[in-house]
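Here is a friendly walk through the inside of one protein chain. Please keep the sequence and the 3D view open as you read.

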Amino acid sequence: MRINKFIAESGVASRREADRMVTEGRVKINGKPVTQPGTDVDVYNDAVYVDGVRIDPVRRDIYIMLNKPKGCITSVKDDKGRKTVMDYVDCGKRIFPVGRLDYDSEGLVLMTNDGDLAYNLTASKNDVPKTYIAKAEGEVKEEHLKKLRSGILLDGVMTKPAKARLLAFENGVSRVEITITEGRNRQVRRMFESLGFNVIFLKRVEIAGIRLGGLARGAWRYLSPKEIKKLKELF
């Protein structure tokens, strides 16, 4: 970003006034005087001073998707020393995971520094859809799918209606796609367990219309402008 725009967006002065401050030698970047108005500044890493006072950089919201592998927790840190999603993402900025995905599950985790969006995506009142692929031992029949769709009693409270369809039944294992709009602890696994099925594999593949796609296990990428817009337009 040009230094004049940086100063203007920080609320210190207009762009024209910022140009004057630069030419007068009143601006420093990382301790070095800047005299050219066209100088670029790294909004994430550079320290900018005007008249000896550091200007707080304009916050740039970051939106990332991670294909979380099993065997790590969806948290910024863990007091038990286990791996967290932060061990897989190195964007150079302070971010946090949106919601949770249990230790033994894998798949899509969104990460950001946008607290408002994170709140909206996890607030139970917003019914944000999350889609999973579950592999369960045994044959999941239509009668079981109907129960998943209508709701399962967990801890004395019925789950909200879900979408569920059988993708395949091979070698004694059912592969089911299920979409829920809640985020209770280990909810999908417990829903299947209540029907007598043991889930041996669980992967989240979509959140609010944002799909994991072919992202490799343990890899991450920034969301596209189109994906970010799609999320923000939900609320």
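Two strands pair if DSSP finds at least two bridges between them. With that in mind, please note that this is a predicted model.

## Strand E7 and its partners

Let us begin with strand E7, which spans residues 106-112. E7 is mostly covered, with 7 of its 7 residues buried. Its pairing with E13 is parallel and rests on 2 bridges. There, Gly-107 has Arg-204 of E13 as its bridge partner.

E7 also pairs with E5, in the antiparallel sense and over 6 bridges. In this pairing Tyr-63 stands opposite Thr-112 of E7. Strand E6 (residues 96-97) runs antiparallel to E7 as well, joined to it by 2 bridges.

In soluble globular proteins, nonpolar side chains tend to be buried together. Here the largest nonpolar core holds 31 residues, and those touching the most other members are Met-111, Leu-148, Ile-178, Met-191 and Phe-192. The elements that give two or more residues to this core are strands E5 (63-68), E7 (106-112), E8 (130-137), E12 (173-180) and E13 (199-207), together with helices H4 (142-150) and H5 (187-194). A second, separate core has 17 residues, including Tyr-63, Leu-117, Ala-208 and Leu-231.

Which residues does Leu-148 contact, leaving aside its neighbours within four places in sequence? They are Ala-162, Ala-164, Ile-178, Met-191, Phe-192 and Leu-195. Three of these names, Ile-178, Met-191 and Phe-192, are also among the members that touch the most others in the largest core.

Why is H5 described as largely enclosed by the rest of the structure? Because 6 of its 8 residues are buried. The buried residues are Gln-187, Val-188, Arg-189, Arg-190, Met-191 and Phe-192. Their cover includes E8, H4, strand E9 (153-154), E12 and E13. After H5 comes Gly-196, with a positive phi near 90°.

Leaving aside its neighbours within four places in sequence, Val-188 is in contact with Tyr-132, Ile-178, Ile-180 and Leu-202. Gly-172 is another matter: Val-188 and Gly-172 are 16 residues apart in sequence, and their C-alpha atoms are 20 Å apart in space.

## Two loop residues with positive phi

Most residues other than glycine have a negative phi, and most peptide bonds are trans. Asn-171 is not a glycine, yet its phi is positive, at about 50°. This residue lies in the loop between strand E11 (163-170) and E12. Is Asn-171 buried or exposed? Its relative accessibility is 81%, so Asn-171 counts as exposed.

Arg-186 also has a positive phi, near 50°, in a residue other than glycine. Its place is the loop between E12 and H5. Arg-186 has a relative accessibility of 35%, so this residue counts as partly exposed.

Rolling a probe the size of a water molecule over the atoms shows where empty space is left. How many cavities of 30 Å³ or more does the count give? The count comes to 1. The largest cavity has a volume of about 50 Å³. Its lining is made up of Tyr-63, Ile-64, Val-98, Leu-110, Met-111, Thr-112, Leu-117, Leu-121, Leu-223 and Leu-231. By class, 9 of these lining residues are nonpolar, 1 is polar and none is charged. E5, E7 and helix H3 (115-122) each supply at least two residues of this lining, and the largest share, 3 residues, comes from E7.

The largest pocket has a volume of about 630 Å³. It is lined by 32 residues, of which Gly-99, Arg-100, Leu-101, Gly-183 and Arg-184 are the closest to its centre. H3, E8, H5 and E13 each supply at least two residues of the pocket lining. That lining divides into 13 nonpolar, 10 polar and 9 charged residues.

Note on methods: Residues are numbered from 1 along each chain as its sequence is written. This is a predicted model: local features need pLDDT of at least 70, side-chain atom pairs count only at pLDDT 80 or more; totals for chains, interfaces and linings use all residues. Side-chain values use heavy atoms; hydrogens and water are left out. A nonpolar core is a set of buried Ala, Val, Leu, Ile, Met, Phe, Trp, Tyr and Cys residues joined through side-chain atoms within 4.5 Å. Buried means under 20% relative accessible area, exposed over 50%, partly exposed in between (1.4 Å probe, protein chains only). Helices (H or I, at least four residues) and strands (E, at least two) are DSSP runs, numbered from the N terminus. Contact means heavy atoms within 4.5 Å. On a 1 Å grid over the protein atoms alone, a cavity is a set of points where a 1.4 Å probe fits but cannot get out, and a pocket is an open set with protein on both sides within 12 Å along at least five of seven lines; lining residues have an atom within 4 Å of a point. Grid points are joined across faces, edges and corners, and a volume is the space filled by probe spheres set on the points. Ala, Val, Leu, Ile, Met, Phe, Trp, Tyr, Cys and Pro count as nonpolar, Asp, Glu, Lys and Arg as charged, and the others, Gly among them, as polar.
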